[in-house]
Structures are given as structure tokens and as C-alpha cells.
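Here's a quick tour of a protein model, from overall dimensions down to what packs inside. Have a look at the fold first.

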Amino acid sequence: MDNNQRGCLAEYTFATECLKRGYSVSFPLIDSSVYDCIVDTGERLVKVQVKSTNKTPDGDHNTVHCRIANAKADYTLDNVDYFAVWVEYFAGFFIFKNKGEMKAIRLSKVGKYKDYFNNFAFE
């Protein structure tokens with residue numbers, strides 16, 4: 001599977017997981033949109049950028065490094081509310097708010113982002 005296929009699969013997997021939880025999901029008609037989808041929680045609309053990685057943990061820390069930044073778009077607070085990162089190694093998503101300046105992140109099921117693993121609360 002190439003990177004484009006992996007990214008598409010992550011986007012549709014994310015949308016399916018949202019639908020399972022009772023959220024509606026919309027996709028932009030053009031692929032140049034900064035966000036990948038909009039999640040309607042019933043209370044608000046959330047713009048989500050979906051990322052994916054097939055990297056394995058580095059060292060003994062059981063963390064996976066994922067690049068968030070994109071040369072094609074700036075993920076500002078105005079155009080992306082959340083990131084949803086599919087980590088193949090953990091077979092799940094880490095979902096967290098955009099802080100406006102993130103370039104990369106280290107994700108782990110036991111680290112500081114553990115509470116974001118498969119947490120579709122959008123709070």
C-alpha cells in the first residue's frame with residue numbers, strides 16, 4: 001500500500017468510527033481543502049485533519065513519531081480544529097486538539113497522549 005492509499009484508508013476508517021458513535025461526517029469536494037473532513041457532533045461542526053503512520057516504536061519508550069506539518073498547508077487554529085492520527089502499530093487513532101504550532105508528535109498508549117487514544121469525545 002502506498003502513502004496515498006494509506007491516507008485514504010485512514011480517512012475512511014476515521015469516518016466509519018465517527019458514524020459508529022452517532023456522528024455525521026462530511027468530506028470536502030476538492031482535495032486541496034486544508035481539513036480532511038467535518039464531524040457534526042450534534043452540537044457543533046469540527047474540522048479534522050487525518051494523518052496516518054505505519055512507523056514502529058522507537059527504542060524502549062514504545063512511542064511512535066508522526067509528522068503533523070505539511071508543506072502544502074498551514075494547520076492554523078482557524079482551519080483545523082482537531083488532528084486524528086491513525087497509528088498502524090496501535091491499530092487506532094489518537095485524536096487531539098490543534099494547538100496551532102505542531103510540527104510532529106510522539107504518540108504512545110502510556111505517554112501524555114494516552115487519554116487521546118480512540119477518544120472521539122471532541123471536547
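## Overall size

With 123 residues, a compact globule would have a radius of gyration near 14 Å, and the protein agrees, since its own value is 14 Å. That radius is taken over C-alpha atoms, and the globule rule is 2.2 Å times the number of residues to the power 0.38. Along the principal axes, the C-alpha trace spans about 40 × 30 × 30 Å.

This is a predicted model: local features need pLDDT of at least 70 and side-chain atom pairs count only at pLDDT 80 or more, while totals for chains, interfaces and linings use all residues. Residues are numbered from 1 along each chain as its sequence is written, and side-chain values use heavy atoms, with hydrogens and water left out.

## Fold

You get 1 helix and 7 strands, in the order α-β-β-β-β-β-β-β along the sequence. These are DSSP runs numbered from the N terminus (helices: H or I, at least four residues; strands: E, at least two).

Leaving aside neighbours within four places in sequence, I105 is in contact (heavy atoms within 4.5 Å) with V64, H65, C66, I68, F96 and Y113.
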